[in-house]
Each structure stands twice: as C-alpha cells, then as structure tokens.
Amino acid sequence: MREIHSIVLVTNPLSGHGKGVQVGIDAADRFAARGVNVTEIRGSSAADTERQVRDTLANPETRPDAVIAAGGDGLTCVVLQALVGTGVPLGLVPGGTGNDLAREVAIPDDTTAAVDVVLGGRTRTIDLGTVQAEDATVPMWFATVTGTGFDARVTLRANELRWPKGPMRYTVAALLELVGKLAVPYRVELHGSPDHPDGTIVELDAIMVAVGNTRTYGGGMLICPDAVIDDGLLDLTVVGAMSRLDLLRLLPALSSGKRIDHPAATQYRAASFTLTAPNAPATADGDPAGLLPATFHAHPGALEILVP
C-alpha cells in the first residue's frame, strides 16, 4: 500500500473532446478536499506535457507520491514516456474516448470513485511494451495496443473526426478507410515465443497487424483477446487478406467487443516482434508511432499502477 499525500495531476484539454477538462477540474477538487497536495500539469502539446512531468519528477522538492493521468489512453501514453523507471506509480481518472487501460485494470469511470482508488494506495505491477520505428531515435512506451496498417489509419482518421463522439468514431473512420487499399505484404519476425522457434518468420498479405499488451483498444474493441497484462509477453493479431464485404461484416463485431471469428485472423505471442510492411503507419495507445518497419518489445513489470 502507498501513502498518497501529493500528486501530479496531468490533464489534456482534447481528451474525450473536452470531457478531460471537466474530469480534471473535478478530480483536482476532490483530491484537494481530501487533503492531497495537487500540482497540475496541462501542457500546450504532448512534448510539453512530457517535459513538465519529467522535470517535476526529477526535482526532489516537487517529486509526488503518484502521477495521475486524468484523460484517456493517449494522455496516459504521453505520461508514460516520462514516468517509466522513476518508481512513482501511475493513477488513472478516466476522461478520454476509449479508456482501455483503465477498463483493463478495473478503474471505475466515475471520477469520485477513481479518486478513491488512487487514495486507497493499492498498486499492481504490470508490463508495458515499446515500439521503435526504423527512423525513430528512441523507443516509445505503450500500455495497451499498437495498431499497424488499416487499424492505425483508422485511429489516425478517428482522431481527426469531431463526430460522432465515443467509440462510434472508430466505426465511422473504418468505413471511410474501406475505400482505400486493404491488404499489403507483411513480414513478421518472432523472438521469445512460447509457441514458435526463436526467429520464426511469417510472410503474408494482411490488412492489419495489432500488437497488444492488453486485450482491447478503441473503447473496448477486442483485438488481442488472449493478452494478459502481466505475463511478460506481447500478443499479436494478424488480420489477413479478405474481401471488403468480409471486413465490413467483421468491424461491427469487433466494435461491440466480440472476438474476431474469421479464418484470416491469426494470433501469436512473443517477447519481441519485428514488423515490416510498405507505408504502413503505427499508432501506440492511439498516438502516432511512425511507419513500419518497427521493433516491439515486452517489458515485464515495467510499471506500478494504482488499482482497486
């Protein structure tokens, strides 16, 4: 159990299309009412937010008992870049569109209840993943899923949409992306897999390939249904070539949280993957992560998170 007397509360005005602002205000008021010293960070950009969190944690006079992300998975991803390795736990107050990490570790959506979880001081150690595109200078931490190919393009488009709100944005974005090219040639290399020899290479045409530390993304889409957040492995779901009609039938089931049931869908588990595909974008926790080729690594026990 942790004693929580001081926190850094990180918010993002864009989380949940403005929901994050109100959630942050409510959370700050509730923490203060409970006698907690609150330092608020609301950066002008992702880079500015990361810098402020990093600077606050590095200063012994401002180092808090916990860093709280009051927003969605994208904000949490930004916080992780500065938080990992500091020994300070992460707390979540859901205020985004998807909130998949919060759902995975049973954080309530209600702000008051989420604040109570933080102040309860109970932590759980979870894994994280990293993705490093070929042209990136440093790896990017992620907590939920990194999508590549079609689903990354959907996420990038959904982030630009202002209607509809909530998880339906991803369905609308997917329909808009259906008019483009679907399957492209992928090369998947596995290392540290319990099911395949080290260095196994899979080559096939695929519409999308998702690498999951958790089971869901996009507000509950069950893309990596067997992923376990503390097993030391990443799960990979390959959605191979299929017709637009088949993909159109698959998307509503995926959006409703059902397991993908199609012969073109294949799952793998490994400690690390290397993915290669032409002009395929990647998005980690919903944030841009560059273009393939990229290497993915599981990092067992990389983060302490406050849980019920």
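**A charged pair up close**

Modeller: Let's start with Asp-48, which counts as buried because its relative accessibility is 16% (buried means under 20% relative accessible area, exposed over 50% and partly exposed in between, using a 1.4 Å probe and protein chains only). Keep in mind that this is a predicted model, where local features need pLDDT of at least 70, side-chain atom pairs count only at pLDDT 80 or more, and totals for chains, interfaces and linings use all residues. Residues are numbered from 1 along each chain as its sequence is written, and side-chain values use heavy atoms, leaving out hydrogens and water.

The side chain of Asp-48 meets that of Arg-51 in a salt bridge, 2.7 Å from N to O. The term needs a side-chain nitrogen of Lys or Arg within 4 Å of a carboxyl oxygen of Asp or Glu. Side chains of opposite charge can pair when their charged atoms come close. Arg-51 has 43% relative accessibility, so Arg-51 counts as partly exposed.

Where do Asp-48 and Arg-51 sit? Both are in helix H2 (residues 46-58), and because they are three residues apart, about one helical turn separates them. Helices here are DSSP runs of H or I with at least four residues, numbered from the N terminus.

In the whole structure, a search finds 15 salt bridges. Among them is one between Asp-100 and Arg-103, with the closest N and O atoms 2.9 Å apart. Asp-100 and Arg-103 are three residues apart in helix H4 (residues 100-104), so about one helical turn lies between them.

Terms used:
Helix = DSSP H or I, 4+ residues; strand = E, 2+ residues; numbered from the N terminus.
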